[in-house]
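Hi everyone, thanks for coming. Could you please bring the sequence and the model up on the screen, so that we can walk through them together?

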Amino acid sequence: MALHPHWYLPTSGDGRDVVGWVHSRIATAAPRPTDRAPTVDYLADVARAAERLGYESVLTPVGTWCEDPWITTAALLRETRTLRFIVAQRPDAISPTLAAQMAASYQRISGGRLMLNIVTGSDDEEQRRYGDWLDHDARYARTDEWLTVLRGAWSGRPLDHHGPHYRVAGATVAEAPEPAPPVFLGGTSEPALRAAAAHADVHLSWGEPPAALAPRVARVRELAQPHGRRVGFGVRLHVITRDTAAEAWAEADRLLRAMDPAAVALSQARAARTSSEGQRRMTALHGGRRDGLEISPNLWAGFGLLRRHAGTALVGSHQQVAERLAEYHALGMEHVLLSGQPHLEEAHWFAEGVLPLLRRDGLLAAHPDPAPPATAPVRERTP
């Protein structure tokens, strides 16, 4: 079992301080400007650096605070050659048949460089902005059904399906994607774990201490057995890695000092209203405190004071960060999805400092070469 490193595409903006949701014009009446706007030119810089440095893909978020992931990553296909894109998709925002068609087209045009991250839900305000009024468990039931239709449309045989959330007749695509895009699905609740066991290629967790993730890995494996499936696992983390531990912690301290107390209070008030179990767990790691933020060796919860969703970072020397990643890998984590601010510079720190150590220890996966993009027209199919 090898380790696959991935980076992050900062489509809500970037900078030398923690960029949180308070930078969004939608989330607050007093947005804070980012140092680097998410222009195509800047995002192309990040994507090209990730490709050159040896990351397998870049994760791209979805929501009203960031640029649309389909449009943005499609614009970056011609800026890169081998880099894959993990495109986030909300089941509440699009029909599964249309998503299957979009993914199939993307896969052909890109030469197999698409992966999907299925985002079942966020806070209730975000969900309702998209017209979604389902409660937490019902959202995961819909995701389960959405993925059933999506994979059915990719199967090469038209799918008829009649369920509580979707009713389709003959759901299919003009040409089945080859290969089918891998599906990442996160979530910590029991409904989320059941959906991942039934449909996901990779179950994704936010960066809790390893001891907290071990039971979740075991539970997904248990739930996947009746389906005859093997589910991979991934962890989402920020990273601050330097030549010495002292330099890394000095950078973490600088980020903490730069956080406006009013912005932190606003962020924590919003987090308190969430229906997301994963977000509640992230918030509980720091409890709004500014001290005691190293919650596990080299695992710092400071990002979560200002940034929602993934809120922890690995902080330390290159050797320490490599050792912590080896611990996650030993739990079963095959994918590590990383970010750091600013994303361009931090991509270099990690790739030049930590990847060689992981490679030396035989943990890194071989970098896959995607297939060449399709040049022939899609074959006509008789209805």
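This is a predicted model: local features need pLDDT of at least 70, side-chain atom pairs count only at pLDDT 80 or more; totals for chains, interfaces and linings use all residues.

Residues are numbered from 1 along each chain as its sequence is written, and side-chain values use heavy atoms, with hydrogens and water left out.

Let's begin with helix H1, residues 40–53. When I say helix or strand, I mean a DSSP run, H or I of at least four residues for helices and E of at least two for strands, numbered from the N terminus. H1 has 14 residues and spans 20 Å from its first C-alpha to its last, close to the expected 20 Å at 1.5 Å a residue. That expected span is 1.5 Å times one less than the number of residues in the helix.

Which residues of H1 are buried? They are Tyr42, Leu43, Ala44, Val46, Ala47, Ala49, Ala50, Glu51 and Leu53. Buried here means under 20% relative accessible area, exposed means over 50%, and partly exposed is in between, using a 1.4 Å probe and protein chains only. The cover over these residues includes strand E1 (4–8), strand E2 (57–60), H2, helix H12 (343–353) and helix H13 (355–360).

Now please look at helix H2 (residues 69–76) and helix H3 (residues 96–110). They pack at an angle of about 10 degrees, and their axes are 12 Å apart. The axes are lines fitted to C-alpha atoms, for helices over the stretch in contact, and angles run from 0 to 180 degrees between N-to-C directions. H2 and H3 are therefore roughly parallel to each other, a label for angles under 35 degrees, with over 145 being roughly antiparallel, 65 to 115 roughly perpendicular and the rest oblique. On the H2 side, Trp70, Thr73 and Ala74 make the contact, and on the H3 side Met102, Ala103 and Tyr106 do. Contact means heavy atoms within 4.5 Å. By class, there are five nonpolar residues, one polar and no charged. For that count, Ala, Val, Leu, Ile, Met, Phe, Trp, Tyr, Cys and Pro are nonpolar, Asp, Glu, Lys and Arg are charged, and the others, Gly among them, are polar.

On to charges. How many salt bridges does the structure hold? There are 18, where a salt bridge is a side-chain nitrogen of Lys or Arg within 4 Å of a carboxyl oxygen of Asp or Glu.

One of them joins arginine 16 and glutamate 345, at 3.2 Å, N to O. This pair links distant parts of the chain, 329 residues apart: arginine 16 is in the loop between E1 and H1, and glutamate 345 is in helix H12. Arginine 16 is partly exposed at 45% relative accessibility, and glutamate 345 is partly exposed at 25%.

Another pairs aspartate 132 with arginine 142, at 2.5 Å, N to O, and here both residues are buried.

Then there is arginine 324 with glutamate 327, at 2.9 Å, N to O. These two are three residues apart in helix H11 (residues 318–331), so about one helical turn separates them. Arginine 324 is buried at 13%, whereas glutamate 327 is partly exposed at 36%. Finally, Glu190, Arg194, Arg219 and Glu222 form a network of salt bridges.

Next, the backbone. The peptide bond from glutamate 178 to proline 179 is cis, with omega near 0 degrees, and proline 179 sits in the loop between strand E6 (167–171) and strand E7 (183–186). Glutamine 341 and proline 342 are also joined by a cis peptide bond, with omega about -5 degrees. Asparagine 298 is not a glycine, yet its phi is positive, about 65 degrees. At 6% relative accessibility, asparagine 298 counts as buried.

Last, two single residues. Threonine 97 lies in helix H3 and is partly exposed at 23%. Leaving aside neighbours within four places in sequence, threonine 97 is in contact with Val149, Val168, Ala171 and Thr172. Aspartate 137 lies in helix H5, and its C-alpha is 8.9 Å from that of glutamate 190, 53 residues apart along the chain.

That's my tour, thank you!
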